[in-house]
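Hi,

Here is the structure I promised to pass on.

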Amino acid sequence: MNRKIELLASYWTLAGDAYAMGPSEVATIPLRDRIEAAAWAGYTGMGFAHQDLLATRDAIGYAAMKRMLNDNGIVHVEVEFLGDWFTAGDKKRASDAIRRDLLEAAHELGARNIKAAGEMWTDVCDVPRYAEAFADVCADAAKIGTAMAIEILPMTNIRTLETAAGIVDQAGHENGGLCIDIWHMLRGGIDIERLSKLPLQYFKSVEIDDAKAEIEGTIWEDTLFHRLYPGEGDFDCPAFIRAVEAAGFRGVYGVEVISETYRKLPVREQAKRSFDGTMAQFAKIS
């Protein structure tokens with residue numbers, strides 16, 4: 001490719017021995033080590049999750065964290081993960097508290113986007129109601145100049161391009177869009193060539209990773225424990241990149257690898273293998 005490619009190490013890629021909805025989502029690798037490893041490998045962006053953000057805020061504060069990122073050339077930041085933004089009652093109150101935390105972190109760190117998702121393990125999605133709720137979230141995010149990205153996940157009720165685009169369209173906010181991850185596209189049965197026709201404004205976050213052709217265990221176990229570094233599995237990462245680029249995307253690509261094997265490696269090995277493997281996919285594109 002004839003342009004500079006920048007990569008963002010998504011939170012789980014360098015979080016150490018932790019995983020989503022595990023016993024703890026706080027990284028087991030010290031913050032400075034993660035940041036320095038990411039920069040050393042070539043990353044210019046990093047992602048951070050809610051529990052880890054609060055632990056960092058309470059330990060050193062966001063100002064010190066921001067300086068650490070800047071000192072290492074990490075200029076692109078994303079934060080996650082907002083769920084239950086579409087609910088009511090106690091779940092909504094808990095979600096609103098997480099929303100405030102993520103907005104605070106995004107503001108203090110200059111995050112480009114906040115990731116969100118739908119309801120787990122259900123097919124039913126009331127698109128107009130979700131759109132109204134998403135519009136409210138987007139309005140809050142717009143006040144601090146950040147985007148909201150709904151991640152299409154095959155284990156949630158926002159699992160298709162049609163459902164996700166419907167919510168974004170009806171919400172009607174320019175800073176509202178999608179997080180598009182090759183893993184969730186392919187495991188969800190979405191033809192990645194369709195991404196080339198997706199309007200550019202939907203692309204708020206794009207993520208690359210790899211996996212074996214067949215799911216290992218349940219789909220939830222596969223996503224949490226068995227992802228691979230790009231180029232080490234059976235996914236056609238170059239085809240995914242070509243489709244995304246054909247849609248006009250020229251932003252930073254996230255690298256999100258969640259693996260029970262990789263996360264126990266030395267952090268610099270994790271950073272280098274994930275970065276080099278991803279960059280090799282771009283090198284395959286003429």
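First, the ground rules. This is a predicted model, so to speak of local features I needed pLDDT of at least 70, and side-chain atom pairs count only at pLDDT 80 or more, while totals for chains, interfaces and linings use all residues. Residues are numbered from 1 along each chain as its sequence is written, and side-chain values use heavy atoms, with hydrogens and water left out.

**Helix packing**

Helices here are DSSP runs of H or I with at least four residues, strands are runs of E with at least two, and both are numbered from the N terminus. Take helix 1 (residues 31-41) and helix 3 (residues 62-71): their axes come within 9 Å and cross at roughly 25°. The axes are lines fitted to C-alpha atoms over the stretch in contact, with angles running from 0 to 180 degrees between N-to-C directions. That makes the pair roughly parallel (under 35 degrees; over 145 would be roughly antiparallel, 65 to 115 roughly perpendicular, and the rest oblique). The crossing is right-handed, meaning that the near helix is turned clockwise from the far one by less than a right angle. Helix 1 brings Leu31, Arg32 and Ile35 to the contact, and helix 3 brings Met65, Met68 and Leu69; contact means heavy atoms within 4.5 Å. By type, these residues are 5 nonpolar, no polar and 1 charged (Ala, Val, Leu, Ile, Met, Phe, Trp, Tyr, Cys and Pro count as nonpolar, Asp, Glu, Lys and Arg as charged, and the others, Gly among them, as polar).

**Cores**

A nonpolar core is a set of buried Ala, Val, Leu, Ile, Met, Phe, Trp, Tyr and Cys residues joined through side-chain atoms within 4.5 Å. Buried means under 20% relative accessible area, exposed over 50%, and partly exposed in between, with a 1.4 Å probe and protein chains only. The largest core has 88 residues, and Trp85, Leu195 and Phe240 have the most contacts inside it. Helix 5 (residues 127-143) supplies the largest share, 8 residues. Not counting residues up to four places away in sequence, Phe240 touches several residues, including Ile180, Met185, Leu195 and Val206. There is also a second, separate core of 9 residues, with Tyr11, Ala15, Ala18 and Ala49 among them.

Cys138 also sits in helix 5 and is buried, at 0% relative accessibility. Beyond its neighbours within four places in sequence, Cys138 contacts Met148, His173, Asn175 and Gly176.

Helix 6 (residues 161-171) is mostly covered, with 8 of its 11 residues buried. The cover includes helix 5, strand 5 (147-151) and strand 6 (176-181). Gly172 follows helix 6 and has a positive phi, near 70°.

**Backbone details**

Most residues other than glycine have a negative phi, and most peptide bonds are trans. Which peptide bond is cis? The one from Glu80 to Phe81, with omega near 10°; Phe81 lies in strand 3 (residues 76-82).

Met21 has a positive phi, near 65°. Met21 lies in the loop between strand 1 (7-9) and helix 1 and is exposed, with a relative accessible area of 59%. Asp84 has a positive phi too, about 60°; Asp84 lies in the loop between strand 3 and helix 4 (89-109) and is partly exposed, at 28%.

Cheers
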